[in-house]
Amino acid sequence: MSKSEVINNKIVFFLDTKGVVSATQKIFIDLSLNMFKTGFDVLYVNNTHIRDLDDNPELINIFRDINSVDYNELDGAIFFVPINYLMHLLVRIRMLKNVKICLYMYHESAIKWLCTNTKNHLSENLMCNIIEDTQSCAFINELSMPGLLKDRVDNAIIIPYSLFKSKEWFNDSKFDSKCTDINCINIGYFGNIYTGIAPSINNIMANLAKCKLKEKIIMHLIGDTSTIPNINLNGISEAGASLVLTGKLSEKDKIEYARKNIDIAFAINYDAVNIAASSTPTLIPIIDSKPFLGNRYVWINDVINLDFSWSNISLLYKNYNCYTMEYIINQIIHKNQKESIGEAMKKFVFEHCSIELAKTKLLELVACSKLDLDYLLDLQEIKGLLHLYSEYGKEDGYDNFLNWLKTRNNKQAVVKTANNPKPSIKSLTKNFLKKALPHVYYVYKNKKFLNVQKSYKHKIIDIRKSFEEKKQIKVGFLVLFSSVFPARPVFEKMCQMKEFDPYIIVIPNVSGTLKKQRDLFNETYDDLLKEYGSSRIIKAYDISKDTYLDIKDEYSILFFSNPYKVLVHKYHEIEYFLDKTVLPIYVSYGFAALSFWEEVVAMDFYNYLWKASIETQMTLEHLKQIQRLKGKNGVVTGYIKADGIASVVPTQRTRKRILICPHHTVWGWKNLNISNFLKYAEFFIELPKLYPNIDFVFRPHPLLIPNLKEHCGWTQKQVDDYLARLLENPNMSYDTSGDYYQQFVDSDAMIHDCGSFIAEYLYTGNPCCYMMKSKEETYEGLIPFGKKCMDQYYYAFNQKDIIDFIDNVIILNIDPKKGQREQFVNDEIKINYPHATESLIEIIKKTIIKK
């Protein structure tokens, strides 16, 4: 699509940023410069930021300061603006006659930001209607499209923000794509180094150290390292690596340096695209502001939706192929695939991330956009806001519309920091309360959660009145996966009680592709339908119409089985029900033993709950120490899921039986870096041969096999071969059944490194052996109750420890921890066992039915 076919008007790239442009806004600079060089009439309008101008010297030719440009000269122009800056633009061009506007959405919350900044004078629904009606918006990727728009925009225009500069840079013959020293492995972090990057670099080095390579490691930090004195990069020295700092380089010089010196590059966003375009094997690392454990990296050409940055947690929901450092080094260095992998990445970014592609998409947007000033000024909401500003904004002395609006709405004086650097009254009050009146500060800090808890008192009164009229309480159980339904015993028990009218509400997992969402939804619905019939199962998703069920306040009580809002539609998040007459309850899928539980407790979700089922008094005491609500919504019920153990009938047998249960975190994951499977995989095959008179059951975590394929490079053939070799032993069986309590009851011991099993298996009273990397690391990953459980275990740091456990504890019955273990189980674990379900139901009945 040529320039003459599309446009003869001036294009104005408009921003109003307080500081230098962000990674997602950099496209405004890149596109404006490219279009200027190719003959388009363009301007780039923003506040003056010296660093942006220094980094892009040619920008001075088209740059205009937002406060000094003559907007009357821009009549007839086409404005390209982020949707959250729309009002910034309108207050400056509202007097023009002939203007077309093209919107850009670089985050799914951009519309929400706009509405929040205008104190909700503008609504999300209004903005979505504008976009749908005028076809005026492009998106950074499909993930940036908010849910309200997904069913309303056909053939969305995607303009990626991570773009490489120029193909000429990457075809320069002077570049040498191979490092010279074959005894060294040259790792590069490509991009400016700042404090938030340090944990990622340290993680990279820690994983390199674990590979125990014979080659020397050289770590190159390619970019501005001016903040290096304040950054802790201890991982580099701990790995025994040499460090090279390039300092600040131009974009082209950075790429030239990497081509000459780097075997493997790690980078994010714009930098990842540029280094990959140079045929350098490029991986996207996890970026987290705090230190983390993990061994998961993604090839840039495996990325979907052109989103090249993520945190430790968000990566879990992206369904990308992840690889360990050992696998990466093996493929690139030891199998000498650097050239073929690098070329595949270059091809990927040339096809999907070129500035030419972005320009073509922008011209498509210009051609189809029907959004102009007349359209916007006819809208009552926008007209009213602009009228207010015209009447009072200039009078109050504010050039920036949103600064004025916030001040006007809040009725507060604006403190201009340049003239008055004193801290605000709000910050002074906050610091005083924190030090002098901690109890008052607690209320101040947690006001929104405390208000929600206070609202439940009124909701209980309303629900009690409803019960007195209907003689039943309608209860909903939100279920994402049929295999993850921890409140199942509560549902089954309520089905037998006249006071309750319970229903399972099957909700979709919206975090993956549409096909995966629908397949999983159908699978979950079909599984539960077979088990409970159609009268008690509700579909919360209509596949044919692609619509989601708005439950509203039809159910007085809702049981949640998932704390992660990223997995569910907004109609099924806990926040959606806070203004409705609903009491939310959470029953955890696993027994709280690992520190990972603390991450769940830290979520807003946990503080919005009316009741959270807690397994033990010790865990409740810990909750009081770490939760923002100090355990106010926690109730000790016992472990509801374990009630089912009591009804399991043991199978008659004459031989000893040991369960082998390896965890799935073979790549390492923050507080869940606990799997030792790769260390003992071959040993598990040999173990049945060493003990032919003992039966072994291999029952791995359900995610172990998928994670071996996704993160460790195992093929399906490798998996099949491993299981075949394992099952060649006549005394080894492989169990993948959903209900593992039968295996618990039929066993004599367990060897594992799982999380919830740490406490769960102790219900049997049998001895347990836990595979550890080190005792210190294992105990650091446990909450206090988990540490008490682990005190009842025998530990295995190597194969000999496992053999000693079997020889002494299982065969010879020398079990010195038996007495203390049984006492601990009876006193600390089996709370309300086997009536934990009834315990929770009784709490509900006492609150609502019995005044």
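**Asking around a predicted model**

Buried residues make up 55% of the 851 residues in this protein, and the model is a predicted one.

Visitor: What makes a residue count as buried here?
Guide: Relative accessible area under 20% does it. By that cut-off, 55% of the 851 residues are buried.

Visitor: How many helices and strands are there?
Guide: The protein has 36 helices and 28 strands.

Visitor: Why is Ile-814 called partly exposed?
Guide: Its relative accessibility is 46%. Buried would need under 20% and exposed over 50%, so Ile-814 counts as partly exposed. You'll find Ile-814 in the loop between α34 (799-811) and α35 (818-829).

Visitor: Why are α27 and α29 called oblique to each other?
Guide: Helix α27 (residues 677-690) and helix α29 (residues 716-727) pack at about 40°, with axes 8 Å apart. Roughly parallel means under 35 degrees, and roughly perpendicular starts at 65, so the pair is oblique. On the α27 side the contact is made by Phe-677, Ala-681, Glu-682, Phe-684 and Ile-685; α29 brings Tyr-722, Arg-725 and Leu-726.

Visitor: What share of the contacts with a separation of 6 or more is between residues 24 or more positions apart?
Guide: That would be 73% of them.

Visitor: And how much of the accessible surface belongs to carbon and sulfur atoms?
Guide: Carbon and sulfur take 50% of about 37,900 Å².

Technical notes
Residues numbered from 1 in each chain as written. Predicted model: local features only at pLDDT ≥ 70, side-chain atom pairs only at ≥ 80, totals over all residues. Heavy atoms only, no water. Helix = DSSP H or I, 4+ residues; strand = E, 2+ residues; numbered from the N terminus. Buried < 20%, exposed > 50% of the residue type's maximum accessible area, 1.4 Å probe, protein only. Axes fitted to C-alpha atoms, helices over the stretch in contact; angles between N-to-C directions. Parallel < 35°, antiparallel > 145°, perpendicular 65-115°, else oblique. Contact = heavy atoms within 4.5 Å. Areas by Shrake-Rupley, 256 points an atom, 1.4 Å probe, with all protein chains shown as cover.
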